[in-house]
Amino acid sequence: MSASRTDGLIGRPHPSLRPFVGDYVGYDISGVPAGTHLGLPSGTLTFIVSIAEPLCQVDALTGSREHFDVLLAGLHLRSTLIAHPGAMSGIQINFSPSAPRAFFGIPAAEFAHHSVDLARISRPLAAELHERVNRETEWSARFAAIDDVLMRTIDDANRPRTEVAAAWHRIADSHGGLPVSLVADHVGWSRRHLGSQFRSEYGIGPKDAARIVRFDRARRLIPEGRGSLAEIAVSCGYADQAHLNRDFQDFVGLSPSRWLAADDVARTRTEGTDSVGAASARG
């Protein structure tokens, strides 16, 4: 298997955007067998601007396909299928769960468990992002174009409730290791009230958010060979490898080793150091 490698694939957004946006991660994959790539659950919203060809998402139940020039997907608890002909190119903008309010005036819950074409929310914004990113040939220029578009869109004052945002920060900062009861105590709410408000804003509950954050950390370490599965499980806050395997079965439908063996794109991204979603936004 051969794969393209391109320098400059990771960029930082303008400082004014960083409360809501993590890194810009470009990817340019080629030379892998045609097939499907698994988009795994993570602690950020998936916001992708495609380059050249649209991104193709496949419904696992019906087999139907939907094509996206600019895709926005919320927090989710199951992997998604991305079909590719042996090549993929685009930029993933790592959106924090607070970002949809700041940029679109709607909570992240509106996108939970599914993907939407950004054109359905703002056709002018989607068209400008796609056109300007595809016009440029250098990654730095593409990232600068995204900066320019998003900086003209942001409403910094539009944020989730302070307690809900604080709860997300506690979960993210603890890498999913803090019990929900302590998160609730920190924000001064009951667990029940926190759960209700948290789901209304983000589309998932605090317990599932902690599981996703913990899983996301582990699944990034596995392809890098950062120790055995048992060692990675413990370092990421799992009781043991069996609990890590359980989350993989729940979120991916495969064991960690079978996932890595089955997904050529995931392996290529690691080998080429262009792992999509390499950094997450806390906001």
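Biologist: How many salt bridges does the structure hold?
Modeller: This is a predicted model, and it holds 16 salt bridges.

Biologist: What does arginine 12 pair with?
Modeller: Arginine 12 forms a salt bridge with aspartate 23, and their closest N and O atoms are 3.2 Å apart. That pair links distant parts of the chain: arginine 12 is in the loop between strands S1 and S2, while aspartate 23 belongs to strand S2, 11 residues apart.

Biologist: Is aspartate 23 buried or exposed?
Modeller: Buried, with a relative accessible area of 11%.

Biologist: And which residues are linked in a network of salt bridges?
Modeller: Asp208, Arg211, Arg246, Asp247 and Asp250. Within that group, arginine 246 and aspartate 247 have their closest N and O atoms 4.0 Å apart. Arginine 246 is partly exposed at 44% relative accessible area, whereas aspartate 247 is buried at 0%.

Biologist: OK, switching to aspartate 117. Which side chain of opposite charge is nearest to it?
Modeller: Arginine 120, but it's 5.9 Å away. Aspartate 117 has no salt bridge, because the cut-off for one is 4 Å.

Biologist: New topic, the open sheet of 4 strands. What's the strand order?
Modeller: S3-S8-S5-S6, with antiparallel pairing. S3 and S6 are the edge strands, each pairing on one side only.

Biologist: How many bridges join S5 to S6?
Modeller: 4 bridges. In one of the pairings, glutamine 57 has glutamate 66 in S6 as its bridge partner.

Conventions
Residues numbered from 1 in each chain as written. Predicted model: local features only at pLDDT ≥ 70, side-chain atom pairs only at ≥ 80, totals over all residues. Heavy atoms only, no water. Buried < 20%, exposed > 50% of the residue type's maximum accessible area, 1.4 Å probe, protein only. Lys, Arg positive; Asp, Glu negative; His and termini not counted. Pairing = 2+ DSSP bridges. Helix = DSSP H or I, 4+ residues; strand = E, 2+ residues; numbered from the N terminus.
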